[in-house]
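Here are my notes on this one, as numbered points. Have the structure open while you read.

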Amino acid sequence: MRLHEYQAKEVFAEAGMPTPESVLAESTDEVLDAAESIGYPVAVKAQVHVGGRGKAGGIELAESDEEAREAADSILGMDLKGYTVERVLVEQAVDFVDELYVGVTMDRGAGEPVAMVSSEGGVDIESVAEESPEAIAREHVDPAFGMHHYQANRAVYDAGVDRAVASDVASVLTTLFDLWEDRDASEAEINPLMITGDDEVVAADAVMNIDDDALFRQPDLAEMEEAAAGDDLEAKANEYGFDYVRLDGNVGIIGNGAGLVMTTLDLVDYYGGEPANFLDIGGGAKAERVANALDMVFSDDNVDSVVFNLFGGITRGDEVARGINSAIEEFDELPKPVVVRLAGTNAEEGMEILNADALDIEQTLEGAVQRSVEQAGGAQ
Amino acid sequence: MSVLVDEDTRVVVQGITGGEGEFHAGQMMEYGTNVVAGAVPGRGGEEVHGVPVYDTVTGAAEAENADASVVLVPPAFAADAIFEALDSPVDLVVAITEGIPTQDMSRVKKRLGETDKHLVGPNCPGVITPGEAKLGILPGNIFSSGNVGLISRSGTLTYQVVDNLTDRGLGQTTAIGIGGDPIIGTDFVDALSLFEDDPATDAIVMCGEIGGSDEEEAARYIDENMDTPVAGFIAGRTAPAGKRMGHAGAIVSGSGAGTAESKIEALGDAGVPVGDTPEEVADNVEELL
């Protein structure tokens with residue numbers, strides 16, 4: 001789960017991180033009120049989950065009421081890479097002399113967190129990592145101890161941070177690591193961390209992604225989660241409790257188990273078709289779950305055919321087949337052709353039970369995918 | 001021969017009084033696994049499927065001479081259960097639970113490194129040596145005994161590949177589901193080295209997927225250290241960047257790390273044939289043998 005900048009800044013400020021004064025606003029009038037209370041100049045920043053907001057026109061500086069009105073009018077309601085901007089953060093503009101990067105993430109290969117500092121802040125850190133990796137100082141942290149103070153110092157000095165602010169930057173990094181740990185973040189990042197003319201450090205941006213699997217013990221952060229904007233189908237999948245990812249193709253895919261569903265997508269592509277989605281219905285195959293899964297793919301207008309690939313393990317093929325049969329009874333007529341393929345425990349019994357009038361039954365995974373690709377218009 | 005588990009493995013089931021724990025303990029016993037005890041705090045003295053339940057893993061392992069545990073407890077308590085098993089006499093811990101917070105697993109991994117024990121999983125179907133024992137939730141009936149070792153990050157994909165192998169009479173020494181989480185215990189390299197040292201394993205199948213760089217490291221290891229031939233499969237060629245494909249660990253990062261192409265290329269460079277379909281994986285195994 002990704003927090004919005006304004007949410008992450010609330011979390012940061014609570015932990016004592018230096019952040020600029022800011023107010024969330026949803027209308028031009030609110031922007032003007034906020035700017036007046038903060039005092040010009042202000043930054044008006046779109047609150048959407050999109051990287052590179054600045055370049056895309058989602059951040060404007062304003063030095064007067066007139067400019068604030070213009071910024072509000074242009075940003076509120078704008079489309080930013082597919083997301084409509086409904087809220088902006090109005091923030092005291094920081095007069096900076098330098099920009100740094102500080103971040104903490106999980107290094108999955110090492111199995112432990114890594115804290116990072118770079119003197120090249122304010123730009124895309126991924127490209128810094130690629131072009132001049134030596135410009136980023138890294139400290140791996142023992143998860144049992146947490147970050148030692150010397151590690152924060154070492155990262156800061158290794159990154160070549162100006163000595164006048166080094167101690168304050170180390171303290172920001174320590175706070176950021178503690179936040180990352182306490183709030184079960186997968187990533188926490190300040191880019192840029194601004195340095196002012198009188199050697200103050202200020203977190204001008206804030207990125208925080210929270211581990212979905214840890215939300216159960218971060219109830220206040222879980223409450224910040226908003227319905228997935230932009231795609232109704234993904235919201236629906238959330239409601240049904242499916243792992244679902246929408247793609248651009250026209251062959252709908254339903255299966256059980258992440259690896260097998262990914263493989264089914266790959267095979268659709270291999271046989272010349274284009275997968276429309278990833279949908280993992282998980283273990284078992286209760287009629288209601290199957291019906292919900294079919295409802296999901298049928299309501300995707302791009303879908304022309306559906307391939308349903310289930311491997312029966314502990315849940316036997318005959319149980320799965322009964323689940324599918326009673327699920328399709330919920331539809332008067334299937335709006336799109338559905339190819340079913342069962343494998344594993346009692347697969348043969350299952351395929352005999354399946355309603356062959358309504359479904360196309362295939363014996364092999366490869367055969368099922370090829371047939372579904374044909375039904376969707378053939379290889380592209 | 002086999003790796004990790006065999007007919008002599010004596011198993012404690014952590015969480016045996018829960019719904020999943022009780023069901024799968026029964027399934028494991030039906031398959032022939034030596035389930036000798038359960039461990040659930042506060043439930044010591046009870047019995048499930050005729051085996052005694054103890055309050056602690058150490059208590060169970062000492063009383064019943066157990067050497068392995070299977071963790072079937074909910075995600076919020078699973079890391080603690082793994083720590084407990086690592087602090088007990090058992091040598092092998094198989095963690096089935098999906099949804100353990102990643103930071104918890106980071107601490108577990110650190111502790112694991114300080115022991116000589118094996119952890120398989122979490123978020124995995126378990127380990128099976130066909131005809132001898134299964135520790136986990138794999139459907140035993142699709143496996144058959146033979147000379148192919150199997151390592152996979154995914155459950156149902158493993159079953160699919162096993163089905164294709166079994167269709168051709170290619171049985172398995174042991175199949176290890178290493179799990180779909182970003183941080184796991186036994187990784188590809190660990191599992192490959194176990195099979196390399198097993199005289200009964202004549203070929204190995206490794207099923208990887210997008211996310212992380214375990215497969216690339218495995219490719220390097222195979223190239224430098226292995227004689228046993230390996231056939232590969234990589235799921236997620238069509239996965240878009242930045243989207244978690246079911247498994248917490250199955251994600252191509254925004255910067256493009258962890259792609260299927262990179263893994264397929266690395267394996268290819270190490271001389272590992274990577275099948276385009278599960279059927280092709282079985283073809284490749286046949287050829288390697």
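How many of the twelve residues of helix 11 of chain A are buried?

1. Helix 11 of chain A is mostly covered, with nine of its twelve residues buried; buried here means under 20% relative accessible area, exposed over 50%, and partly exposed in between (1.4 Å probe, protein chains only). Before going on, some housekeeping: this is a predicted model, where local features need pLDDT of at least 70 and side-chain atom pairs count only at pLDDT 80 or more, while totals for chains, interfaces and linings use all residues. Residues are numbered from 1 along each chain as its sequence is written, chains are lettered from A and ligands numbered from 1 in the order in which they are written, and side-chain values use heavy atoms, with hydrogens and water left out. Helices (H or I, at least four residues) and strands (E, at least two) are DSSP runs, numbered from the N terminus.

2. Staying with helix 11 of chain A, its buried residues include A:Val320, A:Ala321, A:Ile324 and A:Ile328. Among the elements covering them are helix 10 (287-298), strand 16 (305-312), strand 17 (338-344) and helix 12 (347-353) of chain A. The length checks out too: at 1.5 Å a residue, residues 317-328 should span 16 Å, and the end C-alpha atoms are 17 Å apart, which agrees. (The expected span is 1.5 Å times one less than the number of residues.)

3. How does helix 10 of chain A sit against helix 11 of chain A? Their axes come within 8 Å and cross at roughly 55°; axes are lines fitted to C-alpha atoms, for helices over the stretch in contact, and angles run from 0 to 180 degrees between N-to-C directions. The two helices are therefore oblique to each other (under 35 degrees is roughly parallel, over 145 roughly antiparallel, 65 to 115 roughly perpendicular, and the rest oblique). A:Ala287, A:Val290, A:Ala291 and A:Leu294 in helix 10 meet A:Gly323, A:Ile324, A:Ser326, A:Ala327 and A:Ile328 in helix 11, contact being heavy atoms within 4.5 Å. By class, that contact has seven nonpolar, two polar and no charged residues. Ala, Val, Leu, Ile, Met, Phe, Trp, Tyr, Cys and Pro count as nonpolar, Asp, Glu, Lys and Arg as charged, and the others, Gly among them, as polar.

4. Over in chain B, helix 5 (residues 155-167) and helix 9 (residues 278-288) pack at about 50°, with axes 9 Å apart. That makes helix 5 of chain B oblique to helix 9 of chain B. The contact residues divide into six nonpolar, two polar and one charged.

5. A:Asp213 is worth a click: it is found in the loop between strand 12 (207-210) and helix 7 (219-222) of chain A. A:Asp213 is buried at 15% relative accessible area. Leaving aside neighbours within four places in sequence, A:Asp213 touches B:Gly99, B:Ile100, B:Pro101, B:Arg244 and B:Ala248.

6. Now the backbone. Most residues other than glycine have a negative phi, and most peptide bonds are trans. Phi of A:Asp184 is near 55°, and A:Asp184 is buried at 3%. Phi of A:Asp199 is near 60°, but A:Asp199 is partly exposed at 32%.

7. Please also look at the cis peptide bonds. One joins A:Asn191 and A:Pro192, with omega about 10°, and A:Pro192 is found in strand 10 (residues 185-196) of chain A. Another joins B:Gly121 and B:Pro122, with omega about 10°; B:Pro122 is in the loop between strand 7 (118-120) and strand 8 (126-129) of chain B.
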